[in-house]
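Hello,

Here is the structure I promised to pass on. Please open it and keep it beside this message as you read.

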Amino acid sequence: MQRPELHQHIITTAGNLFYSQGYNSTGINEIIDKSGIAKATLYGHFKSKEDICVAYLEQRHQAFMDSLKKYVERSKTGKNQLLAIFDLLQDMYREENFQGCWGLKTLGELSPNQKKILGVIQKQKKELLLYLGEVVGRNISNLSKAQTEKMSGGLYLLYESAITESHLFKNDWPIYMAKSIAPTFFAELELE
């Protein structure tokens, strides 16, 4: 494998382990073993398990945001674009090995001194929230900044609870419930 492919292989292998069994339950030796590499090779790419986790979180988030943007772009403007995040979540739920949000799953395992990973997760959640604000702004006319923030915040909170609860209950009813509640936020507003 070439260096970029090997780097990606380590991230993918470690990420699958972090997502399926947890960050704290995954050791460096297990990552090395499952990756089929030497310890020196791993440390040639990453200084620490924390650095691998950051790379994994960044990769998962970027893939998620790319998928969300595609879902929004291919949806009709108006209500469909505003609800596209729930359509994506329904498809994510149907994937094999759905374990909920990779960021929140990792967050639940962090100790107070793991500020680097916490900062990455916070940054990613803020990026999602800002993007939802853009979608709201493009699809609803004449909203104030406060109304846009309230609406995008509501969509964000419904999404976050739906992903967590669907994982908790091993069922997709929370996704359907969140998607059915979301239109009440914009029922009386003028959609583009």
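Below is what I found in it, one region after another.

First, a caution. This is a predicted model.

**The annotated start of the chain**

The unreviewed entry places a feature called "domain: HTH tetR-type" at residues 4–64. In the model, that span is 80% helix and 0% strand. Its end C-alpha atoms lie 21 Å apart.

The record also gives a "DNA-binding region", again from an unreviewed entry, at residues 27–46. Here the chain is 75% helix, with 0% strand. The end C-alpha atoms of this stretch are 14 Å apart.

**The largest pocket**

Next, look for open space. The largest pocket holds about 350 Å³. How many residues line it? The count is 18. Nearest the centre of the pocket are Y19, R60, A63, E95 and W102. Which of them has the largest share? Helix 4 does, with 6 residues.

Now for the backbone. Most residues other than glycine have a negative phi. Two asparagines are worth a look here.

N97 is not a glycine, yet its phi is positive, about 70°. Find N97 in the loop between helix 6 and helix 7 (102–107). Its relative accessible area is 39%. Exposed means over 50% and buried means under 20%, so N97 counts as partly exposed.

N142 is not a glycine either, and its phi is also positive, at about 55°. N142 sits in the loop between helix 8 (115–139) and helix 9. Is N142 buried or exposed? N142 is exposed, because its relative accessible area of 72% is over the 50% cut-off.

**The nonpolar patch**

Move on to the surface. L168, F169, W173, M177 and I181 form a nonpolar patch there. Together they have about 500 Å² of accessible area. Two elements give two or more residues to this patch: helix 9 (145–169) and helix 10 (173–181). Helix 10 gives the most, with 3 residues.

Take L168 as one member of the patch. L168 belongs to helix 9. Its relative accessibility is 55%, so L168 counts as exposed.

K150 is in helix 9. With 70% relative accessibility, K150 is exposed. K150 and S180 are 30 residues apart along the chain. Their C-alpha atoms are separated by 18 Å.

K170 lies in the loop between helix 9 and helix 10. Why does K170 count as exposed? Its relative accessible area is 54%, and exposed means over 50%. Now go from K170 to G78. These two are 92 residues apart along the chain. The gap between their C-alpha atoms is 31 Å.

That covers the regions I wanted to show you.

Best wishes

Notes:
Residues numbered from 1 in each chain as written. Predicted model: local features only at pLDDT ≥ 70, side-chain atom pairs only at ≥ 80, totals over all residues. Heavy atoms only, no water. Patch = residues over 30% accessible without salt bridge, like charges linked within 9 Å, V, L, I, M, F, W, Y side chains within 5 Å. Areas by Shrake-Rupley, 256 points an atom, 1.4 Å probe, with all protein chains shown as cover. Salt bridge = Lys/Arg side-chain N within 4 Å of Asp/Glu carboxyl O. Helix = DSSP H or I, 4+ residues; strand = E, 2+ residues; numbered from the N terminus. Buried < 20%, exposed > 50% of the residue type's maximum accessible area, 1.4 Å probe, protein only. UniProt positions renumbered as here; feature names shortened; annotations may be inferred. 1 Å grid on protein atoms, 1.4 Å probe; cavity = no way out; pocket = protein on both sides within 12 Å on 5 of 7 lines; lining within 4 Å. Points joined across faces, edges and corners; volume = space filled by probe spheres on them.
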